[in-house]
Amino acid sequence: MTESSFSRKDMIAVLIFAAFILIVLPLALEPFRLNLVGKYLTYGFVGLGLVLCWGDAGILSLGQGIFFGLGGYCMAMFLKLEASTPAATKIQSTPGIPDFMDWNQLTALPWFWRPFHSLAFTIAAVPLVPALLAFVIGLAMFKRRVGGTYFAIITQAIAAILTILIIGQQGYTGGVNGITDLRTLLGWDIRTDHAKLVLYFISGGLLIACLLLAQLVRRSKLGRILVAMREREDRVRFSGYDVANFKIFVFCAAAALAGIGGAMFTLQVGFMSPSFVGIVPSIELVIFTAVGGRTSLLGALYGTLLVNWAKTTFSEDLPQLWLLAMGALFIAVVVAFPNGLAGLVQENVAPLLARLRPRLRPVPSATVDAPKQGAVR
Amino acid sequence: MTEPADFLLAVEGLTVSFDGFKAVDDLSFYVDANEIRVIIGPNGAGKTTVLDLICGRTRASAGSVRFRGRELTRLKEHQIVQAGVGRKFQTPSIYEDLTVFENLEISFPRGRSVFGALAFRRDEAVRERVREVASLIFLEPMLGERAEALSHGQKQWLEIGMLLIQDPALLMLDEPVAGMSVSERRKTAELLRRVLRDRAVLVIEHDMGFVEDIAHRVTVLHQGRVLSEGSMQHVKSDPKVVEVYLGH
C-alpha cells in the first residue's frame, strides 16, 4: 500500500458507515424494517460498481440490472435445487427437478443447472458469470471504441433482451414469476427472522469489504487512469495505455460487484425474478447512485439507502406519485447538483469542518469528523 | 540519398484520403536521429494529419511509416507510444481533475497494463523523475495543485512534461507556442532547446521567429505534398514557397 492508499479521514468515514449499518440500524429497527434495509444494501453493491465505472471512468451503464440479476439467479438456482429434493417434490411427474420445470413438461435438469448443485461453484459463479458477460460486452464495444450514449443504449437493449429471454424460456428460468419458494441454504432455513438477521450482517460485512476493495482500486494508479480516461481518453491512449483494456476491467469489476449484490438480494428476499433485470430497475440503480453522488463510494451507499427509504415510505401511501417523484428527483440531481448528496456535503460541510479544525486541533480527529455523520445522513 | 534504414523516421508514399479528398498525398520525408524538423505550410496543407498518421490516430490509406526500422502503420496507438513516439496535441491535453504530480505520474512509463497499474507503487524513482521533469517545465512549486488551476501556457508545459517523462526517441509537437504570451513563448523556446537535444523532434509551428530559432531543417507542405525542404534559408528563398505561403 502506498502512503496515499487510505487517509485517516477516509477510514473514519468508512467506520462511521459501518457502525451505522452494523450497529445503529440493527438496534433501531424491527426485523421487518431491517430486512428491507438489507435489501437496499444489496443495491449498494451495484452503486459501488457504478461509482467506479460511471463516476470515475465515465462509462454509463444502463444495464446493471443484468449483472445484479445474473448474480441473483445463480444464487437462486442453487437454493432452488436444494429445495427440490426428490422427497420434497415427489408429487411431480418428474421428482427432483424444480417445480416450474415440471409444470413446463421438462423431464430432466438442463445441463447449465447441474453445476449449481455445488455451493462452491455457485459462490464462484455469483461474481464470475456477470463479469464474464461484461467481458464479452466490453470486448465487443470498447475494442471498437463504442462509448458514451451508444454504450448506454446498448446496455439498455441487452437488459431488455435478457428480460425477454428469461420470461420466454419459462421451463429453464421460471419465467415471469422468477425462481421462488427458496427455503434452505445447506439445510439452514433462510426464512426465519434469525436467519434474516444473520444474512443482514453477512451482507453488510460483505458490502464494507467491497467498499474497501473499491477504495483500494480508486487509490491505485489504475483509479487515476480511470479518471484520466474520462477526461482525456486520447491523452491516455497516447501515453501508452490500451484504453479499451481499462474500460473492460472496470466494467467487469462493476458487473462482479452487482452480481454479489444480486446474490445477497436473493438470500434475503427469498426469490429472484426478471423484474430485477430489466430496463426500469437498471435505471433505478443509476438514480440511486446519482442521488448519492457518483464520484463518492460512500455517497452512493447513503444515496441508495435514502432513495429506497423514501420509495418505501411514499409508495406505501401514494404508489402512483412515487414514480413521478423519482423522475423529478433524478432531474433535480442532474440539473442542480450533479455530484449528488456527496457533492453537497463536500461543498457545504467540508469547508465548515475546515473552519472548525484549527480550534479543535488538539482533539483527536475522530471528534473532529463526528458532526459529519449527521450531515451525511 | 542513403538507405532508409539509417533514418530514425522514414515516411514513404504516405497517403490518406477522406471521402476522396487526399489530405496527404504520396508524401515522403526522412528524419535523422537528434534532428529538429519543423513542418510549415498554409492552413489545410495536411500538417496535423501527418502527425496523426505517424502516431496512429488516423489510419493511412497507403504508404509506410518506419520508425527505427519498425513499421508503424500497422500498430495501435499505445504500441506506437511504447515504441518511442510521443505526441503533443494542439490544444493542451491534460487531466484537469488530477494534480500536476498525478498528471506526470500517469505518463511515467511503467505499469501500463491493467494489472501493472493496479500494482503500481509510487516509489522514490517515480518521485524523483517527476520532480526532475517538473523543475524542467517550471512547475515544481505547483506539483500538488490540480491541473485545472494552471494558466494556458503552464498547461502546454505540463503536456510537454508528460511527454518528456516518457523519454521518447521521437517527439511530435503540434503548435507548442500557440496562444502563449511573449514571455511564455520565450521560456518555451528555452525549454525546448534544453530538452530537445537528445531526441528527434517533429514540430508544427506558424510562428516564423520561433521556427527560425529552433529548426535544423524545414519541410514545407502544400496540399498534402512536400513543396520544399531544406534549411530555413533555402526554404525562404524557394520561389514556390514564396508564392504559396510566405508571400501572403
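Two strands are taken to pair if DSSP finds at least two bridges between them. On this basis, in the predicted model described here, six strands of chain B form an open sheet in the order β6-β7-β8-β3-β9-β10, and the pairing is mixed. β6 (85–88) and β10 (225–230) of chain B stand at the edges with a single partner strand each, so one side of each has no neighbour in the sheet. From one strand to the next, the twist averages 15 degrees. β6(B) and β7(B), the latter comprising residues 170–174, are paired in the parallel sense over four bridges. Within this pair, B:Gly86 stands opposite B:Leu171 of β7(B). Helix α1(B) packs on the sheet and touches β3 (36–40), β6, β7, β8 (200–204) and β9 (217–222) of chain B. The direction of α1(B) makes about 145 degrees with that of β7(B).

Chain B also contains an open sheet of four strands, in the order β2-β1-β4-β5, with antiparallel pairing. Strand β4(B), residues 62–67, runs antiparallel to β5(B) and is joined to β5(B) by two bridges. B:Arg66 has B:Glu71 in β5(B) as its bridge partner. Helix α1(B), residues 47–55, packs on this sheet as well, touching β1 (9–18), β2 and β4 of chain B. With the direction of β2(B), that of α1(B) makes about 70 degrees.

In total, chain B has ten helices and ten strands. A compact globule of 248 residues would have a radius of gyration near 18 Å, and the value for chain B, 18 Å, agrees. Taken along the principal axes, the C-alpha atoms of chain B fill a box of roughly 55 × 40 × 35 Å. Of the 248 residues in chain B, 44% are buried. Among contacts in chain B with a separation of 6 or more, 66% are between residues 24 or more positions apart.

Chain A has 16 helices and two strands. Its radius of gyration is 22 Å, close to the 21 Å given by the globule rule for 377 residues, so chain A is as compact as a globular protein of that length. The C-alpha trace of chain A spans about 75 × 50 × 45 Å along its principal axes. Buried residues account for 42% of the 377 residues of chain A. Of the contacts in chain A with a separation of 6 or more, 78% involve residues 24 or more positions apart.

Helix α5(A) covers residues 119–142. At 1.5 Å a residue, its 24 residues should span 34 Å, which agrees with the 34 Å between its end C-alpha atoms. α5(A) bends by about 45 degrees at A:Ala125, and the proline A:Pro127 follows within four residues. Both A:Ala125 and A:Pro127 are buried, and the buried residues of α5(A) also include A:Pro130, A:Ala134, A:Ile137, A:Gly138 and A:Phe142. The cover over the buried residues of α5(A) includes α3 (64–83), α6 (148–168) and α11 (243–269) of chain A.

Between the two chains, 21 residues of chain A are in contact with 26 residues of chain B. On the side of chain A that touches chain B, the elements giving two or more residues are α9 (221–231), α10 (233–237) and α11 of chain A. α9(A) gives the most to this side, with seven residues.

Methods. Residues are numbered from 1 along each chain as its sequence is written. Chains are lettered from A and ligands numbered from 1 in the order in which they are written. This is a predicted model: local features need pLDDT of at least 70, side-chain atom pairs count only at pLDDT 80 or more; totals for chains, interfaces and linings use all residues. The radius of gyration is taken over C-alpha atoms; the globule rule is 2.2 Å times the number of residues to the power 0.38. A residue is buried if 20 or more other C-beta atoms lie within 10 Å of its own, exposed if 12 or fewer, and partly exposed in between; C-beta atoms are placed from the backbone. Two residues are in contact if their C-beta atoms, placed from the backbone, lie within 7 Å. The expected span of a helix is 1.5 Å times one less than its number of residues. The bend at a residue is the angle between axes fitted to the seven residues ending there and the seven starting there. Axes are lines fitted to C-alpha atoms, for helices over the stretch in contact, and angles run from 0 to 180 degrees between N-to-C directions.
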